[in-house]
Amino acid sequence: METTGSERITKEDKQKEKTVFLRKKINLFRALSLLIGTIIGSGIFISPKGVLINSGNVGTSLIIWVSCGILSMFGALSYADLGTSIKKSGGHYIYLLETLGPFPAFLRLWVEIIIIRPANTAFVALTFGRYITEPFFSPCQAPLLAIKLVSAVGVSLIVFLNCWSVSWTARIQTIFLFAKLLAIGLIIIPGIMVLFQGHYDNFQNAFDSNLLTVEKLPLAFYAGMFAYSGWFYVNYITEEVVDPERNVPRAIIFSLIIVTILYLLANVAYYAVMTADEVLDSSAVAVTFGIRTLKEFSPVIPLLVALSCLGAINGALFSTSRMFFVASREDQWPVLFSMIHVRYHTPLPAVLLLYPVILLMIFGGELYALLNFNSFPRWFFMGLVTTGLIRHRYTHPQQPRPFKIPIVIPAIFTIMCLMIVGLSLYSDPFNTGMGCLLTLTGVPVYCLVIRKSQVPACCRKAFGFLTTKLQIIMEVMQQETMTY
């Protein structure tokens, strides 16, 4: 009996549904939600103090906020170029691998695992826990254990969501995005209203008492760029973006323009209501601002900031798990982490990789020391990525580049990154040096990775047995369809 065309299509669809691979479920709107929802985390609600204290005055701090937005845009345009010419997911890691080779790529992967991602996630989680619990204990401080427990619950929920469904992870990210925009709106609108009422006192003599020095300049940029960090996350999931040649550049450019405008307006609003000294004295600028302007409705600000933090965790975990997935697929990380759940079609082992480390950092108490070491590897490797873009232009001149930017843009971004790293060695040698040392701990691990044959046979056999058992328990297997 012959099958009709529609029956053949149905069989093909059913077979495709059973095939294990990461689906393209991220359209332009979801990509925008991911980027804006990840960039706007806790930074804009906390970082104004860090920018102001290192810039010296209100006027210079606003210039630094705009400068951070422009610098981020240069980096974002460079990554958009890379994301449309190198179709693999993985972000920083895959771009370094394809342009500069396996060694710098592995070191970037290593610092992401041991420093950058767990420390940043634990920090944002603790911010979430603090903002959720403190209203219940007001006017007293919330117990530290309660904050840590709530933080751990928040992270656990996000990890479960990312293990369960890509579609629901994207939908929840959109909900978090609306909470973030509402929080910023509740800052911008009252601040602009104050300006319309003629209250410009805090902007008079905005450039007086300029205390900005060479030593403090990189620290001011670090604080500002911390609030902008996340514009590269869509590059981690290129293989899951619908029509990446068009949507990756659009998402990156639109999101950064929107965030830069929102950040500038939010800072203007802060200074319209609060003096520079009041900003410096506040432990949470957004909360102090809300008490001043929203009165009895001020408790809504901590709730929205908490949801904003949860959205940042969700976006970062969703994106960076793909870096581990790709590194495993490229044979630079254990094979288990390149496997996908057979029913949920999520990279479950890669999502779970950092979960125990994050929990240890939340309860361990050494988090803030590790955070101080982040700046060196983050900016050094971003400078290397854009250096790799310049090199790739000359070594692969025939490579198709659907979105090609002038070479001067990655050149400026590279110089600025390396300049910030160089100045930080002068202004903060201990933390910068520790960040460098932690990065170099990846060298012996890399030697072990490339010399797997020299590992004792008994160890390789035990590792293979463990991998097989975990594969069965997690119900995962390697992808069956190439997605790049």
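**Exercise 1. Decide whether S229 is buried or exposed, and state where S229 lies.**

Step 1. Residues are classed by relative accessible area: buried means under 20%, exposed means over 50%, and partly exposed is in between, with a 1.4 Å probe and protein chains only. S229 has a relative accessibility of 17%, so S229 counts as buried.

Step 2. Helices (H or I, at least four residues) and strands (E, at least two) are DSSP runs, numbered from the N terminus. S229 lies in the loop between helix 9 (217-228) and helix 10 (244-273).

Step 3. Contact means heavy atoms within 4.5 Å. Leaving out residues up to four places away in sequence, S229 touches T38, I39 and R378.

A note on the source: this is a predicted model, in which local features need pLDDT of at least 70 and side-chain atom pairs count only at pLDDT 80 or more, while totals for chains, interfaces and linings use all residues. Residues are numbered from 1 along each chain as its sequence is written, and side-chain values use heavy atoms, with hydrogens and water left out.

**Exercise 2. Describe the surroundings of T483.**

Step 1. T483 is found in the segment after strand 2. Its relative accessibility is 14%, so T483 counts as buried.

Step 2. Not counting residues up to four places away in sequence, T483 touches F21, L22, E239 and R329.

Step 3. T483 and S33 are 450 residues apart along the chain, and their C-alpha atoms are separated by 23 Å.

**Exercise 3. Which salt bridge does R393 form, and which parts of the chain does the pair link?**

Step 1. A salt bridge is a side-chain nitrogen of Lys or Arg within 4 Å of a carboxyl oxygen of Asp or Glu. A search of the whole structure finds 12 salt bridges.

Step 2. The partner of R393 is D81, with the closest N and O atoms 2.5 Å apart. This pair links distant parts of the chain: R393 is in helix 17 (residues 375-395) and D81 is in helix 4 (residues 58-85), 312 residues apart.

Step 3. Both R393 and D81 are buried. A network of salt bridges links D81, R393 and R401.

**Exercise 4. Work through the salt bridges E278 to R292 and E475 to R343.**

Step 1. The side chains of E278 and R292 meet at 2.6 Å, N to O.

Step 2. For E475 and R343, the closest N and O atoms are 3.0 Å apart. E475 lies in the loop between helix 21 (457-474) and strand 2 (476-478), and R343 in the loop between strand 1 (339-341) and helix 14 (348-352), so the pair ties together parts 132 residues apart in sequence.

Step 3. E475 is partly exposed at 35% relative accessibility, and R343 is partly exposed with a relative accessible area of 48%.

Step 4. A charge sits over a ring if NZ of Lys or CZ of Arg is within 6 Å of the ring centre and within 35 degrees of the ring normal. The charged end of R343 sits over the ring of Y344, 5.1 Å from its centre. Likewise, the charged end of R322 sits over the ring of F318, at 4.1 Å from the ring centre.

**Exercise 5. How are the rings of F103 and Y446 arranged?**

Step 1. Rings of Phe, Tyr and Trp (its six-membered ring) pair if their centres lie within 6.5 Å; planes under 30 degrees apart count as stacked, over 60 as edge-to-face and the rest as tilted. By this rule there are 19 aromatic pairs.

Step 2. The centres of F103 and Y446 are 5.2 Å apart with 65 degrees between the planes, and the pair is edge-to-face. F103 is in helix 6 (residues 102-137) and Y446 in helix 20 (residues 442-450), 343 residues apart.

Step 3. F103 is partly exposed, with a relative accessible area of 37%, whereas Y446 counts as buried at 11% relative accessibility.

Step 4. Y446 also pairs with F106: the centres are 5.6 Å apart and the planes are at 50 degrees, so this pair is tilted. Both F106 and Y446 are buried.
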